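Visitor: Could you take a close look at one part of this model with me, starting with the backbone in the loops and moving on to the rings from there?

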Amino acid sequence: MKKIQVLIIISCIVFVSGLFMFAISGNDKKKLFHEGTAQYFPPSVDFSGENMPLKISDVRERFDRELVVNANLHSSTILIIKRANRVFPIIEPILKQYGVPDDFKYLAVIESALTNAVSASGAKGIWQFMPETAKEKGMEVNDGVDERYHLQKATEAACKYLLTAREKFGNWTLAAASYNGGMNGVNTKIAEQKVSDYYDLLLTDETSRYVFRILALKEIMQHPNLYGFDISKEELYENIPTKIIEVDSSITDLASFAKSQGINYKILKIHNPWLRDKKLVNTTKKKYFIEIPTSGY
């Protein structure tokens with residue numbers, strides 16, 4: 001008798017489950033079974049027009065690894081996709097202006113997840129510049145002003161680096177790898193191993209994964225639905241409109257300055273993260289351009 005009761009209960013559960021699966025739409029079923037898993041594998045992949053040789057087994061597996069990892073970093077990848085709607089429109093025209101391929105915006109993605117990150121080694125900002133390199137590229141870095149946090153200026157500095165690396169190595173893929181491994185570091189490996197293709201080089205683990213991570217994020221962000229990310233346009237972070245205030249003198253109190261512009265100190269710092277102190281010391285009469293939001297605050 002007990003066995004019959006158990007069988008009846010199981011049958012009911014199966015029947016109800018079947019009704020549930022029948023009731024939901026095809027798209028919902030796809031989401032139910034495939035959300036957050038890298039089910040799709042693209043037939044071809046390229047970085048800045050340079051093809052990835054997927055016919056090489058270790059290359060295919062290394063790319064697959066990054067697809068699987070990033071497709072399953074749910075919260076991180078969702079936030080990156082949302083932030084990109086705000087950050088990419090600033091990065092893209094600067095890359096174009098310098099003649100750097102659009103794919104390099106995904107390099108910024110893997111460097112910082114499009115946040116003003118700070119690494120253990122002291123690299124800062126969306127493009128993750130070390131202080132010495134930033135200064136070499138013309139950025140101001142001190143206790144009061146740190147232009148590594150200035151997205152436009154940091155993007156310009158990244159472009160200058162990448163153009164130099166492209167000239168040195170002859171292709172964009174190695175230029176990208178050198179952003180992580182350093183030009184000297186990559187060049188040393190090329191000389192030691194007597195090959196000149198990124199996909200033929202045995203590099204450090206981080207640099208070896210670097211381009212694959214860039215391309216995995218490119219693939220996922222260009223085709224989010226194929227990897228289980230169904231994010232509506234309304235969920236993306238908006239690019240908040242701002243006006244520019246030119247300043248060529250010191251500001252003794254940024255909180256008071258913010259109030260004079262109709263905003264508060266928090267909002268001022270959010271839109272101008274390169275201002276690192278409570279004041280702006282400017283004894284040289286340098287021109288600074290401060291962004292003030294006109295809405296969304």
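Guide: Start with A113, which lies in the loop between α5 (105–112) and α6 (131–136). This is a predicted model, and in it A113 has a positive phi of about 60° even though it isn't a glycine. K194 is another non-glycine with a positive phi, near 60°, and you'll find K194 in the loop between α9 (183–193) and α10 (205–222). With a relative accessibility of 72%, K194 counts as exposed, because the cut-off for that is over 50%.

Now for the rings: the count comes to 12 aromatic pairs. One of them is F47 with F104, an edge-to-face pair with 4.9 Å centre to centre and 75° between the planes. That pair ties together distant parts of the chain, with F47 in strand β1 (residues 46–47) and F104 in the loop between α4 and α5, 57 residues apart. Both F47 and F104 are buried. W274 and Y288 have ring centres 5.8 Å apart and planes at 15°, so this pair is stacked. W274 comes from the loop between α12 and β4, while Y288 is in strand β4, 14 residues apart; W274 and Y288 are both buried.

Have a look, too, at W127, F129, Y161 and Y179, which ring pairs link into a cluster. Charges turn up over rings as well: R276 puts its charged end over the ring of Y149, 4.0 Å from its centre, and R166 lies over the face of W172, at 5.5 Å from the ring centre.

Key
Residues are numbered from 1 along each chain as its sequence is written. This is a predicted model: local features need pLDDT of at least 70, side-chain atom pairs count only at pLDDT 80 or more; totals for chains, interfaces and linings use all residues. Side-chain values use heavy atoms; hydrogens and water are left out. Helices (H or I, at least four residues) and strands (E, at least two) are DSSP runs, numbered from the N terminus. Buried means under 20% relative accessible area, exposed over 50%, partly exposed in between (1.4 Å probe, protein chains only). Rings of Phe, Tyr and Trp (its six-membered ring) pair if their centres lie within 6.5 Å; planes under 30 degrees apart count as stacked, over 60 as edge-to-face and the rest as tilted. A charge sits over a ring if NZ of Lys or CZ of Arg is within 6 Å of the ring centre and within 35 degrees of the ring normal.
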